[in-house]
Amino acid sequence: QVQLVESGGGLVQPGGSLRLSCAASGSLIRINAMGWYRQAPGKQRELVAIITTGGTTNTGDSVKGRFTISRDNTKNTVYLQMISLKPEDTGVYYCNADIRRYAWSRDESVWGQGTQVTVSS
C-alpha cells in the first residue's frame, strides 16, 4: 500500500510563512508528477501547484510569486514553501502523487490525508 504523509500545517499570522512536506512510502516503482491541492470551507478543491519528475512546475494564479513547489526524488518527498500568507489561503492542503506500483500496473493517483493551514491574526 502506498501512503502520502503530509506535515507542516498550522496556524500562522497574515504575512507569515509555512513549509509543507509530503513523503510517499510503500511499494511502488515510480512517482510521476506530485502536487498540492487545497480546499477551503464551502469551496471546491483547487490546484495549488504541481511538479514533474524532471522539475517542471505549474502554479495556480492565486499563489504565483508566493508559493514554491519543489521535490526531492531521492526521498520521494514534495515540498510547498508558502510566504506572504493571506487569510484566503486558509484551508486543508492535500498532497497528490501520480504513481506506478508495479511494472505491469497502470499509473494511479494517490492522495494524502490533508493538513490544515489557517491564516489568521
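View 1. Strand E1 (residues 3-7) has a covered face, made up of Leu 4 and Glu 6. Gln 3, Val 5 and Ser 7 form the uncovered face. Strands are DSSP runs of E with at least two residues, and helices are runs of H or I with at least four; both are numbered from the N terminus. In a regular strand, side chains alternate between the two sheet faces. The model is predicted: local features need pLDDT of at least 70, side-chain atom pairs count only at pLDDT 80 or more, and totals for chains, interfaces and linings use all residues. Residues are numbered from 1 along each chain as its sequence is written, and side-chain values use heavy atoms, without hydrogens and water.

**View 2. Pairing of E1 with E3.** E1 runs antiparallel to strand E3 (residues 18-25), and five bridges link the pair. Pairing requires at least two DSSP bridges between two strands. Val 5 has Ala 23 of E3 as its bridge partner.

**View 3. The chain fold.** The protein chain has 11 strands and zero helices. Its radius of gyration is 14 Å, close to the 14 Å from the globule rule for 121 residues, so the chain is as compact as a globular protein of that length. The radius is taken over C-alpha atoms; the rule is 2.2 Å times the number of residues to the power 0.38. The C-alpha trace spans about 50 × 25 × 25 Å along its principal axes.

**View 4. Contacts within the chain.** Take contacts between residues at least 6 apart in sequence: 56% join residues at least 24 apart. Contact means heavy atoms within 4.5 Å.

Technical notes: Buried means under 20% relative accessible area, exposed over 50%, partly exposed in between (1.4 Å probe, protein chains only).
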